Amino acid sequence: MQRKSGAPYFIDKMPNNFLHTGLILLALPNARVIDVRRHPLGCCFSVFKQHFARGQSFSYSFRT
């Protein structure tokens with residue numbers, strides 16, 4: 001069991017998870033996927049200030 005708490009919901013907000021939505025729904029058929037939209041500047045700043053363990057190197061640069 002991955003979760004340590006008895007909370008009824010788990011929220012995963014990793015930026016690249018949208019790429020795996022189909023696989024997530026196949027693996028967890030009762031999962032609910034909620035698409036929440038924010039202002040683009042809020043998204044950019046929150047991703048830029050967050051230190052990710054790996055796989056999100058695009059978030060540490062303002063280059064396009």
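View 1. R37 is exposed, with a relative accessible area of 70%. D35 is exposed too, at 54%. (Exposed means over 50% relative accessible area, buried under 20%, and partly exposed in between, with a 1.4 Å probe and protein chains only.) D35 and R37 form a salt bridge; their closest N and O atoms lie 2.7 Å apart. A salt bridge needs a side-chain nitrogen of Lys or Arg within 4 Å of a carboxyl oxygen of Asp or Glu. By this rule the count is one.

This is a predicted model: local features need pLDDT of at least 70, side-chain atom pairs count only at pLDDT 80 or more, and totals for chains, interfaces and linings use all residues. Residues are numbered from 1 along each chain as its sequence is written, and side-chain values use heavy atoms, without hydrogens and water.

**View 2. The whole chain.** The protein chain has two helices and zero strands. (Both are DSSP runs numbered from the N terminus: helices are H or I, at least four residues; strands are E, at least two.) Of its 64 residues, 8% are buried.

**View 3. The largest pocket.** The largest pocket holds about 1900 Å³ of space. Of its 36 lining residues, D12, K13, M14, N17 and I34 are closest to the centre. (On a 1 Å grid over the protein atoms alone, a pocket is an open set of points where a 1.4 Å probe fits, with protein on both sides within 12 Å along at least five of seven lines; lining residues have an atom within 4 Å of a point.) α2 gives the largest share of the lining, six residues.

Notes
Points joined across faces, edges and corners; volume = space filled by probe spheres on them.
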